[in-house]
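Have the structure open as you read.

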Amino acid sequence: MALETSVRLKTLKGWRGLLLANLNRIPQRYYSQLVLDDFSYEDQKKLCESEVTIIGCGGLGAPLAVYLVASGVGKINLIDFDVVEERNLHRQVFFKESDIGKKKVEALKDYLINLDREVEVNIYPVKSSEIDFKKINSNLVFDLSLIHI
């Protein structure tokens, strides 16, 4: 039975498909969500198969990415051209001193993969205006980039 399930689920995109092959992981990892009255095992599987794009990986985008991955979102696309600076550390709490000088998308990807090794993280270290969004197949897009007035 487990092998049959594993073979069937390998057709899903990325690492998340392999996660779903281990059906015992979902109840263990996401127990607190599964006990909610309005949230089922099937809902969690859909979340694990979903894709979200975040534009801007600073004070709002980074925590959003962390919470989405922690809740089970299977694929995250991170878009940000900026680098981590020392002045970011007091308010962008998912970056650390050793990240200074790195692209924010690279540092955040490292954090997310350490949180959940099964998540698929794609990074785009460019301005969002340089992205062809027709090639990104997200269920949801958050634009949390800083707008200069």
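The model is predicted, so local features need pLDDT of at least 70 and side-chain atom pairs count only at pLDDT 80 or more, while totals for chains, interfaces and linings use all residues. Residues are numbered from 1 along each chain as its sequence is written, and side-chain values use heavy atoms, leaving out hydrogens and water.

Strand S2 covers residues 75–79; strands (E, at least two residues) and helices (H or I, at least four) are DSSP runs numbered from the N terminus. Five of the five residues in S2 are buried, meaning under 20% relative accessible area with a 1.4 Å probe, protein chains only. In a regular strand the side chains alternate between the two faces of the sheet. Here Lys75, Asn77 and Ile79 lie on one side of S2, with Ile76 and Leu78 on the other.

| Partner of S2 | Partner residues | Bridges |
|---|---|---|
| S1 | 51–55 | five, parallel |
| S3 | 120–124 | five, parallel |

Within these pairs, threonine 53 bridges to asparagine 77, and lysine 75 bridges to glutamate 120.

What does isoleucine 76 touch? Not counting residues up to four places away in sequence, its contacts include Val52, Ile54, Leu68 and Val121, where contact means heavy atoms within 4.5 Å.

Key
Buried means under 20% relative accessible area, exposed over 50%, partly exposed in between (1.4 Å probe, protein chains only). Two strands pair if DSSP finds at least two bridges between them.
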